[in-house]
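Please look over the structure below before reading the briefing. The notes that follow are grouped by topic.

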Amino acid sequence: MAGDRASPDSADMQTLIRDMSIEEADESITNTLERIERNAGVKGGKPVVLRSITSLDPVIRHFGLAPKQLTQILGIVLSSKLDDTTSRKMVKLLLPRQLVPEMCAVNILGALGKNLSFAIQATLLKWIILIYDILDSRTKLQQLYGVAFHYLPYETLRPSLCHLLYYLTRREDVRPFRIRKLLDLQITVGKEPALAGLLHVYKSYFPDLILAPLSLTTQIIFKCPDQTTAEAIETLQTKWNRRSADQSFGLSGSKDPISRSGKRQKLSHVPDAFSIYRKGADDKALPLSQITSLDSLVSHIDTLALPDQLSSVLTNRLLQHVLCLQPSHSIVDRISYWLGQELMDLWFWSATSDVSRARLANILSKVVQVTKMIKDLLPVIENFLIPFIRVWNGIDYQKEVFVLLTFIRPRSFEDLFTHFLKPLQRLFYLMGPVWKGQLILCYTRLIQNWTQFKWKDYLELGKDPRLSKQGSEELRRLFSELSPNVDYMLSIRSFIKHVDSISGVALEVESDHIAVQHAVLSFFDFTSNLTKKTSAPIAIIIPGAACVYRCFLSDSAMAISRICGIVYQFKQAYEAFEEEQQLQYELLVQSQIAASQDNGETSTTSSAALVPGYTREYVMQFNSYVMDICNFLYRNRAFNKVDKNAKGFQLDQETIAHTKQLCVDSGLNANNMLSFTHSSAFSGFSARFVKSLEEQQSIPVEKRLNAPASVKALKQMTANGGLNMTFDEYRIQFLDHLEEKGFDGMSDFLNDTINHLLQRKHQRQERLRELKERQQQEKRQEQESEGSDSDPPLQNLSLGQSHV
C-alpha cells in the first residue's frame, strides 16, 4: 500500500518538474541550498537537510546545476558541517549542465589532508575525474600537480590520485625524484594497478629511466569511477548544450586506456615520448639509468653516458659510485663549477635571506653525505671553506662544517694554520666548553683520516723524509694529489703540538669541563698509538704538562684512569721504538742529517737531538710523568721531588707547603690524599669495595671498617676481628676491582710501572703461557704447531728510568 501511494506522488513530482522553466528550477535550487546551509551543522537541523536533499535530487537530475550552484554545493561539503553519509549524497548532486569552473577542482585539491574524512576526499577526487573534460580551464589545476602527487602515499586517495595524475602528466612533470618515489611506493604497497598505470605513463616519456618491467593485470587500468553519475552528467551536457550523442567526452571508461601491450594513444596534452627521446651522440654509450647493480656499473664504467646535470651526484648514490671509479678531471670540473657557484651565491650574495640559508644548509648536508661516502673532499669545497672559515660565526652550519673539516687533505702546517687553524683558534677562545670539545674532537677525526695514508710505503727513508715521486703518485686521492715538497711528518707533529696547546688552555678556562676533558683525552688516546697505526716515522709527541697534570688532578675517576692509560700507551710506544724500530730510527736520523747538509746547515748537536720525541730531555720529561703519577697514585709520596725524575707535578714549594698545611688543618695525610685509595675520585669506590668484602664474609656491623682504608686502619680492623688483610693485599684486590669496573687505564699503568705489580703481571702471563702450552700439546698430534708465542719481556727505556 505504501508503494502504491509513492508512485502517484513520484509521477506528480516528475510532471511538476517538467512543467518548470529553467529560471524557476534555478530559483528553487538556490532557495533549497540556502536552507541546507542554514541547517548544516546545527543541532536538530539534519532532518531538514535530508528532506532538502531529497527534494533537490529530481530537480537537479532534470535541469543540472549552474556553475554558481556547483560552487555553492561544494562549499557546503568542504565546510565539514555534514556527516559522511549526508556529504556523499550532496556529492551525488554535483551534476553540471555547463562547463565546470576550474576553481571547483582547485578547491578540492586544496582541501586534501584537512578536516574532511578520506572517504569524502576520495569521492570528490572521483568527481574531478568525471568532469575533467568539461572544466573551463586546466591551467591552475596543472600547477597543482605536485600537490596531488604529494598525497599518493595515502591508500584511500591513491587510486583516484593516480587516475587524475594520469590525465595531468606532461613530459615536464616526469622528474627523477618522482620516478624514485613511485618505485619506492610500489615496493612498499605492492603492484597496485593504478600505481602501475601511472608508472607506465612515466615510462612512455622516458623509457630509459624505468627499467623494471611493468605488468598490467587488466585490459583497462583506469576505469570510470562512477558509471551512473557519468551517464547522468553526459545526459545533461548533451541536453542543455545540444551535443550529439556521438560527441562523448570519455566518461565511459579510462581516457585513452592503457592496455597490456603498453601502447598509449596520443593525446593533445601529452607529446609522443619516442619523438622527444634521443640517444647520445655515441651509440655505444650506456645511459646511467640502465645500471641496475654494482656489478653492471663496474662492467660498463668505461662506456657510461653520464647525465648532463652532474650536480645530481649530491643525491644519487649510483652517480657517487661512478665518481669514485671514474674521477676524471672533466667530471670533477663540471661538478665543481656548479657547486662552487651555488655555494658562493647562497653564502656570499644571499646570506641574509632565510630561504637561502635553509638551502645552503640543505646543500652542505648533502655534501657531507657525499664526502662521507667517497672519503674525500672535492677541491671546490676546500676552496669554499677557506674564506668561509675566516668570517664564520661558529654557530651556523656547525655540524656540517666540523664534518667537512675532518676531510681536508694533508698540507704544510703553515698553510694549515693560516687557512684553518688560526681563524678557528680565534673562535675557540670565544665559544663555550661544548663547542671547544667538538672542535678538538673534529681535530681528532682529522688526524685519524690523515693517518689512513700509507706513509711508510711511500717515504724513501735514508734519502729524503719527504714524499718520493712514486709515493706522491700513490698517495693521490680521488680529486687531488699531495705535494711532494712538503714534510708531512713535520706537519703532523706541529698539528699535534697545536692541539696540545689549545687543549691546556681549554681545560684551564673551562675548569676541566667534562666535554673538554673527554675531547682532550680522546685526542691523546689516539695520538698515543700513532706510531702503531701509521707504521711511519712520526715522532712520539707526548701531551704537555698542563694537560697531563690537570687531567690527573681532576676529581673525575674517568679522567684519571684515561690519562694513566694514555701515559701507559706512550710508554709502550717508546719501548716499541727502542726494541723494534731501531733501524728505522737510524735511517730517519741519517735522512734529517742529509737534509740539513743539503741545505748548507752544519749540525753541532747529536743525531738524536734532530729527532723530536727521542731526545734525552724529551724522554726525561715523559719519565717525570711516570714517576709523579706513581708517587701520587700508589707510592703515597705526593709532591715528592727527591726521587729520580720526580718533579712533583712542577708545583712550586709555596703551593706545596700551602696544600700540606690545608691537609693538616683538615686532619688529612698529604702524602696519600691523591692516592687511588684516598682521593676524592676513588674514595667512594674504595668504601663500597671494603663494604662488599665485609658483606661476603658476614662481618658484624660493629667490627666493620669506618674509616678510609690505610695501613693503620686495616691493622686496627684485623685486631678487632674484622677483615684480615694487609694494606698491600687490599690495594691489589681493589686495583683488580677497579679494572673490572672499567678503569683499565690506571690498572695497565700501575701493573707496568710498579715493580711488585709488574712481577705479579709476569707471573700471570707465565701461567697463561703454561696453560696455552698444555692445550697445544693436546693438539700437537692433530695439527702442526711452531710452539707457543711468548710475549717479549718489558724493558726500561734506555734514555731514562721508567719503572718504579
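Which residues does Tyr-429 touch, not counting residues up to four places away in sequence? Tyr-429 touches Lys-436, Ile-502 and Val-505, where contact means heavy atoms within 4.5 Å. This is a predicted model, in which local features need pLDDT of at least 70 and side-chain atom pairs count only at pLDDT 80 or more, while totals for chains, interfaces and linings use all residues. Residues are numbered from 1 along each chain as its sequence is written, and side-chain values use heavy atoms, with hydrogens and water left out.

- Tyr-429 is found in the loop between helix H21 (413-428) and helix H22 (433-450), helices being DSSP runs of H or I with at least four residues, numbered from the N terminus.
- With a relative accessible area of 44%, Tyr-429 is partly exposed; on this scale buried means under 20%, exposed means over 50%, and partly exposed lies in between, for a 1.4 Å probe and protein chains only.
- The side chain of Tyr-429 makes a polar contact with the side chain of Gln-425 at 2.9 Å; such a contact is a pair of N or O atoms within 3.5 Å, of which, within protein, one must be able to donate a hydrogen and the other to accept it, and residues adjacent in sequence count only if both atoms are side-chain atoms.
- Tyr-429 and Val-509 are 80 residues apart in sequence, and their C-alpha atoms are 8.9 Å apart in space.

**Helix H13**

- The 15 residues of helix H13 (residues 227-241) should span 21 Å at 1.5 Å a residue, and the end C-alpha atoms are 21 Å apart, which agrees; the expected span is 1.5 Å times one less than the number of residues.
- Thr-229, Ala-230, Ala-232, Ile-233, Leu-236 and Gln-237 are buried in H13.
- Seen down the axis of H13, these buried residues fall within an arc of 160 degrees, so they line one face of the helix; the arc is that of the directions from the helix axis to the C-beta atoms.
- Thr-228 and Thr-235 are exposed on the other side of H13, whereas the cover over the buried residues includes helix H3 (46-63), helix H5 (84-92) and helix H7 (118-130).
- Thr-229, at 8% relative accessibility, counts as buried, and its side chain makes a polar contact with the side chain of Asp-226 at 2.7 Å.
- Leaving aside neighbours within four places in sequence, Thr-229 is in contact with Lys-92, Leu-95 and Leu-130.

**Nonpolar cores**

- Ile-381 and Phe-495 touch the most other members of the largest nonpolar core, which has 133 residues; a core is a set of buried Ala, Val, Leu, Ile, Met, Phe, Trp, Tyr and Cys residues joined through side-chain atoms within 4.5 Å.
- Helix H28 (residues 557-580) contributes the largest share of this core, 11 residues.
- A second, separate core of 75 residues includes Trp-127, Leu-141, Ala-148 and Leu-157.

**A buried aspartate**

- Asp-752 lies in helix H35 (residues 744-753) and, at 0% relative accessibility, counts as buried.
- The side chain of Asp-752 makes a polar contact with the side chain of Lys-571 at 2.7 Å.

Methods:
Helix = DSSP H or I, 4+ residues; strand = E, 2+ residues; numbered from the N terminus.
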